[in-house]
Amino acid sequence: MNESGQVRVVVTGHDADGKSVVAADKSVPPEATAAAGTRFHLLWGADQPPSYPDTGAESTDLVPFPAVGGIRFAESVILPDAEVDYEAESIAGLQLQPGAAPGMHTTPSVDLGVVIEGEVCMLLSGGVEVHLRPGDCFVQNGTLHGWRNHTDRPARFVVMLVGTEHRGLG
């Protein structure tokens, strides 16, 4: 992530002769619709399985969370608790859990992630907190969860989201 909070993403594709080319070299700002205390960068995605060779072009109308069979590659920055107003959250595409702690949500996806900087706590049902450090990986299987950062420095993780059927979500 650079000083302006943007993340650089280089995407490859194929030219008309089938040779590998840079399809995009872009800077991605955080999404305007993120959970309180979270900066979410949608780095790349597709709403259907890829077929090659292709140009590497990305749809311009992607939403943060994928449809069934779609994928997203994203980075999340979780701000320290002291900097967050959890009551003022704005979350698009997430199913919030009424009566649960602020920020607790479910997504219709399998999320494969790795912490790359700082420390973050993954909240689960019943107040369970799982402390994650750099290098720790997680697989979030459409379960109720939230994120907290009990330190004084931002934490970052990268995540691949795969859209799935989720009978528990309306």
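**Packing around the rings**

Reply: Q140 sits in strand β10; strands (E, at least two residues) and helices (H or I, at least four) are DSSP runs, numbered from the N terminus. This is a predicted model, where local features need pLDDT of at least 70, side-chain atom pairs count only at pLDDT 80 or more, and totals for chains, interfaces and linings use all residues. Residues are numbered from 1 along each chain as its sequence is written, and side-chain values use heavy atoms, with hydrogens and water left out.

Me: Is Q140 buried or exposed?

Reply: Buried means under 20% relative accessible area, exposed over 50%, and partly exposed in between (1.4 Å probe, protein chains only). The relative accessible area of Q140 is 2%, so Q140 is buried.

Me: Which residues is Q140 in contact with, leaving aside neighbours within four places in sequence?

Reply: Contact means heavy atoms within 4.5 Å. With those neighbours left aside, the partners of Q140 are S109, V110, D111, M122, L124 and H145.

Me: How many aromatic pairs does a search of the whole structure find?

Reply: Rings of Phe, Tyr and Trp (its six-membered ring) pair if their centres lie within 6.5 Å; planes under 30 degrees apart count as stacked, over 60 as edge-to-face and the rest as tilted. Searching the whole structure gives three.

Me: What is the angle between the planes of F138 and W147?

Reply: F138 counts as buried at 6% relative accessibility, and W147 counts as buried at 12%. Their pair is tilted, at 5.2 Å centre to centre, and the angle is 55 degrees.

Me: Why is the pair of F138 and F157 edge-to-face?

Reply: F157 counts as buried at 4% relative accessibility. F138 is in strand β10 (residues 137-141) and F157 in strand β12, 19 residues apart, so the pair links distant parts of the chain. The ring centres are 5.2 Å apart and the planes lie at 90 degrees, so the pair is edge-to-face.

Me: Which residues do the ring pairs link into a cluster?

Reply: F138 touches both W147 and F157, among others. The cluster linked by ring pairs is F138, W147 and F157.
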